[in-house]
Amino acid sequence: MKQRSTLLSFAAVALTALLVGVGGAAHADNVVIDGDALTTNVSENSIALGSIACGSTASRTISVDVTKNGNNYPSTNVFQKGAVLTVTGSESHPDVEFAPAVEDAGEIAVPGNWDQVRNNTLSGDAAQATVVVTGSAEGSYSATLTVRATGAGSNGSTLTRTADPVTITWTVGACAPVKTATTTTVTCDGPTVFTGEAVEPCTAVATGANGFAQPVAVGYTPNVTVGGVTATAAYGGDATHLASTGSATFTITKAPSTTTVACPDRVTYTGLAQEPCTATVTGAGNLSQDLLASHSANTDVGTATATATFAGDANHEGSTDNETFEIAAASATCQVTGFAGEYDGGSHGAHGTCTGLRGVDLSDGLQLEGTFTDVPGGKLAWSFQYENYLPQGGTVDIAIGPAASSISLTCEDAVYDGEPHETCSAIVTGPGLWEELTVEYADNTNAGQATAVASYDGDLNHAPKTETRTFAIAKASSTTTISCEAVTYTGEPQKPCEATVTGAALSTTTPVDYAGDHTNAGPVDVAAGYPGDDNHEASSDTDTFVIAKASSTVEVTCTPGSVFTGSAIEPCTARVTGAGNLDENVTPVTYADNIGAGTASALATYAGDVNHTGSTGSATFQIDQADSVVEVTCPTDPIVFNGSAIEPCTARVTGAGNLDENVTPVTYADNTGAGTAHVSAAYPGDENHKSSTGSAEFEISKADSVVEVTCPTAPIVSTGSAIQPCTARVTGAGNLDEEVTPVTYTHNTAVGTAHAEATYPGDANHNGSTGWSTFTIVWSLNGFYKPVDMMVNGAEVVNVVKGGSTVPLKFNVFDGGAEVTSASTLGATFAVQSAACQAGAEYSDDLFVTTGNTALRYDTTAHQWIQNWQTPKTSGKCYRVRLTTADGSQLTALFRTK
C-alpha cells in the first residue's frame, strides 16, 4: 500500500500513570498531541501520590504511546511512520528520580513501529518510565514533571512536542526518633604462652555519645592451642543506642620444652659404636615422651657425647640436651721373635705380631728398636702402642755367625805388543762383601800361555779364599800401508807411492809394485807385501792413486754502455784456456739480472775433457736507468667553489718497459678559493727509470649564495607603528654563514601581510643573492569574557551550559592602541563545530542563561563586542565556538551541554 504520511495525523499521546505505594490509588492521566500542539488533558494538571511512610518510597509507572483519532487527514506535519520517539521527563526535587535515567534528563527511547490504515486508530509501541519519590523527612512536598516527545516528522524534519508541566504532590508521615551510634571495642593482653588450658585475656566495652559506656561479654574462637585467636563482642543496642560489634586478635605462643639425656660414667672400648644413653622430653600440657639420643665420638677411647633434640610441636618450642661418658682402653696380645743365622750383609732385628679384639691385626702398632748387622748380634727392645689399647714392651736376642766368601777371577787373552800383559781382574764377594783383589802374573810378555793368581785373607764376618787362572798371548798382526802423493796430469809416467810395515814393536818398509798405465789422467793400481816374524803375522796392502786432470780457465768479456729497455740485454762472450794448448770459445753464456737497471752478471761454464777439469768464468756489466715522463690531467671546465680544497686532477707516468701508472700524491696550490689553481706531480723514479715531474692548471668559479630572511611564524599584534621583527642570514659553500643587514620592509605598519627583504652583495668566492619573507600583523583580541571561561592553570576549560540556552560571547579587538568598533572593519565570523569532550579537563558550570539580540553588536556602554549564541538543544555533547576576524585572528572556547 502506498504511504500517504502527509495526510495522516497522530492525534494523541496517552500517558498512563500507575501509583504504587502506601495509601495511593491508581488512576489515569492523559497527555494529548493534537496537530502541532502537545497539551495536558487532566483536570488539575497534577498527580497526587498521597502519604508515604518515613523512609519508604512511592512510584508511578508512566506509559506513553501514539494514537490517531478520527477519520480526517490533517494537513500539518505529523510523526512519521518508523520514527523513534524520545520521551524526556525532568524533576526539580532531590527526593524525586525519573528512571531509567539517561544523563540527568531521564531520556527513554521508543522504537517506532506504526502502521497507517485509513479510518482506523493507529497505535505504536509504548514507552515506559517510572517516577520514584522517597520519604526522607516529615512534611508535604511537590515537584514538577515535564513530558517531551521528539522524533522524525512526515516532511523529513525533527518534531519536538512538549506538554504542560504536571505537578506531583506527596506527604511524609512522622519519622521515628534517631538512635545514636555506639562503638564496641575489644582489648586483649598478649601474646599468651600455651598452658594446655583455655586462654581468655580480653575485655570489651561499648561506648557512645555523652559518656555512654557499657561492658560487653567476649566470645572466642578456639583459644587452647597455639596460633591466632579472634575475640568478638556484640552490643545489642537499646532504646536510644544503636547496636555495634567489635573484635580483636591475640596470639597464643608455644610453651618451652625440656629435653634430658642420661649416660653411664664409663664403658670399655669394644671397637664398635656404643650407645648407652637415654633421653626424654617434658613440657606444659602433660608433654612427656622418650627421645632417641644421637651419639658422637662414641667408638674410640676418649670422651663421647650423646645429644637429644626435640623439634617442637604445634604447642611447644623445641629443646636440646647433651651428656658425656668415657670409653676406656682394651688389652692386645703381642708375640716377638729375634733373628738367628749367618752373616748376610743385611741388618737383622726382631719381627712379631699384635692382635686386638676379635682377632684384628694391630701389628702396625708394634715398634722394634734397632737392628744388628755384624757377628755375633745382641739384644733388642720392642714396644707396642695403639689407639684404644693399653701399651706393652720387652727385649729379644739377635744371633749372627760368619759367612763364606767367593773369588771371581777373570782373564782375557792378549796379543803380543812387546810389553807384559795384565789382562785379569779379581773380585771377592760374600754377604755384604764386594772388594777388588790384586792379581799376581807369570810368563805374561811374549806370545804363549801366562798364569794369574788372586787371594782373600778373610775378615770378622767372612772366611779366607784363593783362586788361579791361565790366559793366552797371541802373535801380533802386522800392517802394510801404501801411501801415495796427489799428482796432476803432466804427460810423463808418475811413481808417487811408498809402502811401510808397522806392528807391535815393529816399524819398517817394503817395495811398491806399479802395474798398468801411470802416465795419463785416471786411476793407477799399486801393491806391497810383508812375510811376518816370530811375534808378528804377515801382511800386505793395495792402493790406487789418481792422476788428476789439469785445470782450465774460462774468461767472460762484456761490452759496456747498456740502457734499460724492458727486454733482456746480452752483450758478453766467453773463452777457455788450459794445459796442453787448450784455447777455445765457450757457449752458451748465461745471464742474471740483465733486464732491469743495475748490475747484471754473465756466466760461462767449460765442462772439461779427459785431461782437464771444467771451469766457470763470470763478469758483470751495468744497465743504466731509462727516462720517465709525468703527465698531469685536470678538468677543462671550471669547478664551482665549495669552501674546501678542490683536488680533481690525476697524474700518470710512462716510460720504457711498459711503465704506465698513476702518480701520487698530486700536489695543489691555490685550489681553495675561486681563481686559477696550480697542480704538480713528481715521479721519484724506480730501479729502472729516472725521476720526472709534470704540472697543469684548472679554474675554480664562484659559488652561489643563498639569503634566508626569517620572520616570526606567529601573528604579531599591531602596535600602530612600523614593525621590524625579521633577521637575515646568508649561507653558501665554504661555511659561509653570516648576518645580512639591512633588512628592508614594506607594508609593515597596518594589519595584514608585511614583506621583508635582504641582499648579499657577494664576495671573492660567492655570487650575490637576495632573499625575502613575510609575516602577519594582526589585531589584539581579548576575551571571551565572563561568563565564559577560557583557561585555568594553563588548561582549556570546558564550559557546562544547559542545552538550548543562550550564551553571550564578549570580546574586544584593538588595532595598536585604537579599539576596532566598526562591524564592517571587524569582518567577524562565528563557527560552531562538534568537539571531543576532554577527559580530565577543567570544567566550569557558572554560565547563566541569557537572552537578548542575537546579532553581533558593539556595546558602547560596556565598550565591548557581544554575540549571543544559542546552544544546541542537546545534552552531554561538546562544541567548539570559533570567532575569526578580518585579519585572521581567532578566539575559541569549548562548551558541553547538559
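The chain has an average pLDDT (the predictor's confidence in each residue, from 0 to 100) of 83, and 84% of its residues score at least 70. This is a predicted model, where local features need pLDDT of at least 70 and side-chain atom pairs count only at pLDDT 80 or more, while totals for chains, interfaces and linings use all residues. Residues are numbered from 1 along each chain as its sequence is written, and side-chain values use heavy atoms, with hydrogens and water left out.

Confidence is highest in strand β63 (residues 727–732), at a mean of 96, and lowest in strand β1 (residues 12–20), at 31. Strands here are DSSP runs of E, at least two residues long, numbered from the N terminus.

## Aromatic pairs

Searching the whole structure turns up 15 aromatic pairs. Rings of Phe, Tyr and Trp (its six-membered ring) pair if their centres lie within 6.5 Å; planes under 30 degrees apart are stacked, over 60 edge-to-face, and the rest tilted.

Take Y220 and F250: their planes sit at 80 degrees with the centres 6.1 Å apart, so this pair is edge-to-face. Y220 belongs to strand β17 (residues 219–220) and F250 to strand β19 (residues 244–253), so the pair links distant parts of the chain, 30 residues apart. F250 is buried (under 20% relative accessible area; exposed is over 50%, partly exposed in between, with a 1.4 Å probe and protein chains only) at 5%, whereas Y220 is partly exposed at 23%.

## Another pair and a cluster

Y441 and F471 also pair edge-to-face, with 6.1 Å from centre to centre and 85 degrees between the planes. F471 is buried, at 3% relative accessible area. Elsewhere, ring pairs join Y269, F384, Y386 and Y389 into a cluster.

Terms used: Helix = DSSP H or I, 4+ residues; strand = E, 2+ residues; numbered from the N terminus.
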